[in-house]
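Me: Let's go through this model together, piece by piece. Have a look first, then I'll start asking.

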Amino acid sequence: MAVASEVAGLGPVNAIALVGALGVGSQWLAWRLRMPAIVLMLLAGLIVGPGLGIFDPARDIGPLMKPMISIAVAIILFEGGLTLDFHSLREARVGVRRLVFIGAPLGWALSAAALHYTAGLGWAASSVFGGIMVVTGPTVIAPLLRQARLQQRPAKLLQWEAIVNDPVGALAAVLAFTVVLVMADTATVGEAVTEFSLGIGVATILGLAAGWGIAQGFTRGVVPEYMKVPVLFTVLVAVFAASDAVLHESGLLAVTVMGVVIANAELPSYDELRRFKEHATVLLVSGVFILLAANMDRDTLFAMEWSTLGFIIVVILLARPVTVMVSLLGSDVPMKERILIALTGPRGVVLVAVAGLFAERLVELGYDDASKIPALAFALVAATVVLHGFTLAPLAGWLGLTADRASGVLIVGGSRWSTALAKALQDAEMPVLVVDRNRSRLRSAREAGVRTYYGDILSEDAHNTLDLVPFEKVIAATDNDAYNTLVATDLAPEFGRENVWQIARSREESRRHTLPVTLGGRELGSGRTHRELSSLMLQGWRFGRTNLTDDYTLEQWEADRPDGVPMMEIFENGSVRLLGPEHPPREKSGVTLLAMLPPKEDSASRD
């Protein structure tokens, strides 16, 4: 306790700085260690909070904490709604509909039963908390899916279920709470029904109106480009606050509806809005998890009994699997995908935040057993986050539902050079895809047995139908420098700028024709342009692979092939490193060097 007294003066500014550092630091460390970020954030919060007593949100941030968490959750759900583009649903539509309309009520009933019979809560508290347990946490699902790299359909099922059921779970809790109010004689049945119906109606109308208004304003140029994000934030918070003023927690429904409307409005600046929101969400998820973990007190953590463990086991191994299996019974979802979804049900910040709010209200009404809800909620979140964080990827791999290893190469532009490179990568057993808007340019790749896609890589159809998970690197290699730059610039946020490359641009004598160096991707190879590479291929140049060892080093390779052009290094684990003028090959044993070789040197290649 000495540590706690020494830092009793930790103010809101220092506290918020600490939360930001721990949250973003945990995300970065998780990326470096290839661990689930949520696990590290929970651990960091527990260490600085109940562990060491350094940070107490209630003490250091005070009354601002709850509003901050509420607004953060609203923004997170809105960003989730922005990802719900109906065009991307397609084959997962039936499964999502069943998981929402059948799964939510069934999950509510089973969760309430688990709370009553294993955790020892009364039916009033169980029904309210059981409704909240319907949520599966988009704040947790998104990073887990990013790490596990699932196939497209099971990933869409889990993502849509999590985002849609979040406001549904909150409203289920509100409905149960109104029933409790009637039972406690604090409200009549008519008053409760009127308030609940009015709240849902207002939330839906506000969400639809705000989404439509934003879409119309942005499309017609009523809002200048530099003000779009500020206007969006302001409207979002206003809609959330207005809906919540009518019915508590209905704001979650309003902002989700608003996000879905904007997502399907085909806004020209939609991608920029979504990416900005994704960045904001990373910060908010980090902060909220740190706050909620640090806010737990030692007495609550140590007060957890064996019944808590039993409750968690029943929810994970019985309630969730039964809910999913019954919901998807008779659907076209394959059994392997049903098993994966049934055994994947992580809970997130919405569960803890909303559960704490309703627990306080139930205790005020005289339901003392509701005081156990915050501890149960935190235990469920922590258990599911840790469990699914470490088991989702292995389980998906065991079921055969992971995408191909993420070391493939996406080549934009069909040509003799692209086909030769793709064939060399395919011979090295690497995923490869050649994309072009001209069907005839893909003929040689198809004849070589290389996978192709006819269309624009930036098109809506490509966004909705192409599974890009297997591809880690992008090479823009068309004969149009401006288009290559556009592709590299547009795909950089998704793949990471370090993974997006393009062939060299033609050297322009006039500055008015020169594109800014801030646009585009890294330069591949020796700095040759599309025309120069095509000329080399006509002269008989080919791609060759050479294994570098302790006996045959990079220096010897360069001596044997003075004209060779290194293109990439292929490592033993299947990952690749692309090479260019500013990124030369490294002296390393056990690496396969893929290079362009002139006819004479090609014959000396060591496969």
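**Helix contacts, sheet and hairpin**

Me: Which residues of helix 25 do Arg416, Trp417 and Ala420 in helix 21 meet?

Reply: Keep in mind that this is a predicted model, where local features need pLDDT of at least 70, side-chain atom pairs count only at pLDDT 80 or more, and totals for chains, interfaces and linings use all residues. Residues are numbered from 1 along each chain as its sequence is written, and side-chain values use heavy atoms, with hydrogens and water left out. Helices (H or I, at least four residues) and strands (E, at least two) are DSSP runs numbered from the N terminus, and contact means heavy atoms within 4.5 Å. On that basis, Arg416, Trp417 and Ala420 of helix 21 meet, in helix 25, Leu533, Met537 and Leu538.

Me: How many charged residues are in the contact of helix 21 with helix 25?

Reply: Ala, Val, Leu, Ile, Met, Phe, Trp, Tyr, Cys and Pro count as nonpolar, Asp, Glu, Lys and Arg as charged, and the others, Gly among them, as polar. By that scheme the contact of helix 21 with helix 25 has 5 nonpolar residues and no polar ones, while the charged count is 1.

Me: Are helix 21 and helix 25 roughly parallel or roughly perpendicular?

Reply: Axes are lines fitted to C-alpha atoms, for helices over the stretch in contact, with angles from 0 to 180 degrees between N-to-C directions. Those of helix 21 (416–427) and helix 25 (530–538) come within 8 Å and cross at roughly 70°. Angles under 35 degrees count as roughly parallel, over 145 as roughly antiparallel, 65 to 115 as roughly perpendicular and the rest as oblique. The two helices are therefore roughly perpendicular.

Me: How many residues of strand 1 are buried?

Reply: Buried means under 20% relative accessible area, exposed over 50%, partly exposed in between (1.4 Å probe, protein chains only). Gly408, Leu410 and Val412 on one side and Val409 and Ile411 on the other are all buried. So the count for strand 1, by that definition of buried, is plain: 5 of 5.

Me: What is the order of the strands in the open sheet?

Reply: Strand 1 has 5 bridges to strand 4 (471–476), running parallel, and strand 4 pairs with strand 5 (500–502) in the parallel sense over 3 bridges. The open sheet has 6 strands, paired parallel, in the order 3-2-1-4-5-6.

Me: Which residue stands opposite Pro566 in strand 10?

Reply: Strand 8 (565–570) has 6 of its 6 residues buried, so it is largely enclosed by the rest of the structure. Strand 8 pairs with strand 10 in the antiparallel sense over 5 bridges. There, the residue opposite Pro566 is Ala595.

Me: Which residue in the hairpin of strand 8 and strand 9 takes a positive phi near 95°?

Reply: Strand 8 and strand 9 run antiparallel, joined by 3 bridges, with Ile570 opposite Val576. The hairpin has 5 residues between the strands, and the one with positive phi near 95° is Gly574.

Conventions
Two strands pair if DSSP finds at least two bridges between them.
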